[in-house]
Structures are given as C-alpha cells and as structure tokens.
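Could you walk me through this structure as I click around in my viewer? I would like to know what to select next and what is there.

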Amino acid sequence: MVSLRFPFLFSQPTNHQYTTNPTHGTSRPISVAVAVATASATAAVAGIAAYRNHKHPFVENALNFLFANPSSSHLWASLSFADSSSATVVDSKTGVSFPSELGGSRKLLGIGLRKKRILGLKNIDVYAFGVYADHGDVKKLLREKYGNLSISELKENKEFNDDILEADISMTVRLQIIYSKLSIGSVRSAFEESVGSRLQKFGGSDNKELLQRFTSQFKDEYKIPRGSVIDLSKEPGHVLRTTIDGKEVGSIQSKLLCRSIMDLYFGEDPFDKKAKEDIELNLASLVQK
Ligand code: DAO
Ligand code: DAO
C-alpha cells in the first residue's frame with residue numbers, strides 16, 4: 001500500500017480529521033510514503049511527481065487546484081492506495097471511508113455530514129455522504145461555457161451553480177448511515193421535510209405525487225442499520241436510481257427530483273457548507289481550459 005499525505009483539495013469539515021485508513025487492502029504492497037505540505041514547495045513537487053506517476057486523476061485534480069490556488073488554506077488529508085486505481089478518503093471523526101472513484105468514471109468531489117437536531121436538544125450525526133460526478137460529463141457539458149472563467153469567478157457565479165444542479169451530469173451521492181436507530185418512519189418524515197421543501201421551491205406547484213412516488217420505493221420492512229450504504233445516482237436523462245447496500249430499490253425519471261436531491265448537498269442551503277464548497281471548487285477546477 002502506498003500512503004501519501006498532502007494538503008487535500010477538500011477544506012476540512014468542522015472537527016473532521018482525515019487520516020490514512022489502516023484497514024484498506026494491501027494487495028500490492030509498496031513501502032513508499034511521501035509527505036507533501038503547502039509550506040514545503042520542494043516536498044510538494046516531489047509529491048506531485050509521485051502522484052502523477054500513479055496517474056490518479058482524482059489526486060491530480062486536487063493537486064492542480066492546490067497549485068492554481070497557492071494561498072488558499074488547504075488542510076491535511078490522507079489517502080490510502082492499495083494500488084494505483086483504488087484509494088479511499090477516511091473521515092477520522094466518524095471513521096467513515098469513501099472510495100475516490102465509483103464505477104470507474106465517477107470521482108469523489110467532496111464529503112460531509114448530515115446532522116439532525118432532535119427534540120430541539122441535541123444534534124445527531126445521521127449519515128456521512130460523499131458526492132461523485134462523471135468528469136467526462138462535467139467537461140463535455142460545462143467547459144465550453146465556463147472554461148474561460150477563473151475558479152474564483154466561478155465560485156461567485158450563480159448561473160454556474162444552477163447549471164451544476166441542472167445539467168445532465170451523471171452523479172452519485174453516497175450516504176453511509178451512522179445513526180443506529182433510524183426507523184423508516186423517521187426517514188420518511190425527514191425527507192418529506194428536506195426533499196419536499198425543495199420540490200415545492202423548484203417545482204412551484206403541488207408535487208405531492210412525486211414525493212409519494214419517491215417515498216413509496218422504501219418499504220416498511222427495509223432496515224437501514226448503522227453502516228448501510230445508500231446510493232442516490234443521477235443517471236443520463238435525469239433518472240434518479242436508488243440502491244441500498246448495492247441492491248436497486250427503484251428508479252424515477254424526473255429532472256425536478258434529481259435537482260431537489262442534489263440541492264440538499266450543494267444547493268443554496270446545503271447540509272454541510274464545507275462539503276458544498278469542496279464540491280463546487282472541484283467542479284470549477286474541472287472546467288478550466
Ligand atoms: O430518532 O427521532 C429520531 C431521530 C431521527 C432522525 C432522522 C433523520 C433522517 C434523515 C434522513 C435519512 C435518510 C437516509
Ligand atoms: O437527509 O433529509 C435527508 C434526505 C435524504 C434523502 C435520501 C433518501 C434515501 C432514503 C432511503 C431510505 C431507505 C429506506
């Protein structure tokens with residue numbers, strides 16, 4: 001396993017620390033460790049060379065961004081590599097790890113935490129999430145229009161943010177359940193509130209039927225204990241496909257539903273603001289010409 005530490009593209013979610021995942025597979029052990037720091041340009045260059053030798057576009061993207069924005073305050077992160085094609089990002093506060101790639105073409109853009117305040121008393125960590133997008137789609141659909149704008153211009157650009165949410169980009173939001181007492185009833189009422197309010201905001205009229213279609217996919221007998229993995233995937237043609245622990249539970253074709261779900265994670269009022277910043281920065285750096 002190759003273990004590298006570097007100032008991660010992702011800014012660090014509050015109280016999160018990224019650490020090397022010690023349990024990650026070691027199918028092709030290589031005893032190399034390269035440390036890279038913003039404060040150490042020489043080491044950083046050496047680190048980049050090592051990464052580039054691994055031809056890992058996810059990491060390259062992060063490093064490209066770092067060097068395009070040398071003054072930004074990147075925080076430390078670690079990735080573990082079993083070989084050149086697999087890496088995970090681990091959040092040490094929750095211990096949840098995310099692969100840097102899903103299905104070969106969707107790359108991780110940012111990770112965050114969905115919290116919920118219960119009984120007005122305390123916040124619980126409900127799930128950790130990772131947002132992935134198909135880099136080819138992002139470039140194909142957005143580079144032409146936005147490729148000449150700088151990353152800082154894109155950050156302030158509302159049209160860019162809207163296009164990210166609306167364009168037919170293949171994406172996945174992976175949810176990994178942390179809270180161990182989730183009942184289907186509490187999940188239904190939580191997303192009637194979160195998804196329901198967005199359907200209303202973007203759809204204008206009465207969207208009860210769409211919400212109903214979405215929630216009716218989730219049967220009362222489903223169990224989602226701690227550790228369950230739910231993928232909400234946006235497939236070509238604005239189809240929202242849901243899988244629980246790899247098993248497909250349903251697909252719904254609706255641009256409005258796709259937009260409303262993505263809006264939870266990188267819309268105007270996201271669950272985790274730092275995650276949204278990371279996602280947008282990664283997307284902005286991807287469209288650079
Ligand atoms: O036990 O009352 C309680 C708290 C439940 C919080 C539920 C939040 C559900 C958030 C949606 C989860 C989607 C997988
Ligand atoms: O966090 O409020 C939220 C919204 C999460 C939407 C995710 C819905 C997927 C839930 C699957 C439940 C399976 C029983």
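Here is a tour, stop by stop, from the whole chain to single side chains.

**Before you start**

This is a predicted model, in which local features need pLDDT of at least 70 and side-chain atom pairs count only at pLDDT 80 or more, while totals for chains, interfaces and linings use all residues. Residues are numbered from 1 along each chain as its sequence is written, chains are lettered from A and ligands numbered from 1 in the order in which they are written, and side-chain values use heavy atoms, with hydrogens and water left out.

**The whole chain**

Begin with a cartoon view: the chain has nine helices and 12 strands. Of the 289 residues, 53% count as buried; buried means under 20% relative accessible area, exposed over 50%, and partly exposed in between, with a 1.4 Å probe and protein chains only. A contact means heavy atoms within 4.5 Å. Among contacts between residues at least 6 apart in sequence, 69% join residues at least 24 apart.

**The sheet**

Next, select the strands of the open seven-stranded sheet, in the order β6-β7-β8-β9-β10-β11-β12, with antiparallel pairing. Its edge strands, each pairing on one side only, are β6 (101–102) and β12 (247–253). Two strands pair if DSSP finds at least two bridges between them.

Now pick out β9 (residues 171–177). Seven of its seven residues are buried. Met171, Val173, Leu175 and Ile177 point one way, and Thr172, Arg174 and Gln176 the other way. With β8 (residues 122–134), strand β9 pairs over seven antiparallel bridges; one to show is alanine 128 with glutamine 176. With β10 (residues 229–235), strand β9 pairs over six bridges, again antiparallel. There, arginine 174 has aspartate 231 as its bridge partner, and valine 173 has leucine 232.

Move along to β11 and β12, which run antiparallel and are joined by six bridges. Threonine 242 is bridged to glycine 250 in β12. In the hairpin of these strands, two residues lie between them, and aspartate 245 takes a positive phi near 45°.

Then turn to α5 (residues 158–166), where Phe160, Asn161, Asp163, Ile164 and Leu165 are buried. Their cover includes α3, α4 (151–155), β9, β10, α8 (255–266) and α9 (273–287). At the N-terminal end of α5, asparagine 157 is the cap: a side-chain oxygen lies 3.0 Å from the backbone nitrogen of glutamate 159.

**The cores**

Which residues touch the most other members of the largest nonpolar core? Show Phe160, Phe214, Leu257, Tyr265 and Phe266, out of 51 residues in that core. A nonpolar core is a set of buried Ala, Val, Leu, Ile, Met, Phe, Trp, Tyr and Cys residues joined through side-chain atoms within 4.5 Å. Leaving aside neighbours within four places in sequence, phenylalanine 266 is in contact with Val131, Ile164, Leu165, Met171, Lys276, Ile279 and Glu280. A second, separate core has 10 residues, including Phe98, Leu102, Leu108 and Ala128.

**Ligand 2**

Centre on ligand 2, surrounded by 15 residues, each with a heavy atom within 4 Å of it. The closest are Arg114, Tyr127, Ile184, Ser194 and Ile244. Oxygen atoms of the ligand lie 2.6 Å from a polar side-chain atom of arginine 114, 2.5 Å from a side-chain N or O atom of tyrosine 127 and 2.7 Å from one of serine 194.

Is glutamate 235 buried or exposed? Select this residue in β10: glutamate 235 counts as buried because its relative accessible area is 17%. Its side chain makes a polar contact (a pair of N or O atoms within 3.5 Å; within protein, one must be able to donate a hydrogen and the other to accept it, and residues adjacent in sequence count only if both atoms are side-chain atoms) with the side chain of arginine 241, at 3.1 Å.

Finish at lysine 140 in helix α3 (residues 135–146). Lysine 140 counts as exposed because its relative accessible area is 61%.

Notes: Helices (H or I, at least four residues) and strands (E, at least two) are DSSP runs, numbered from the N terminus.
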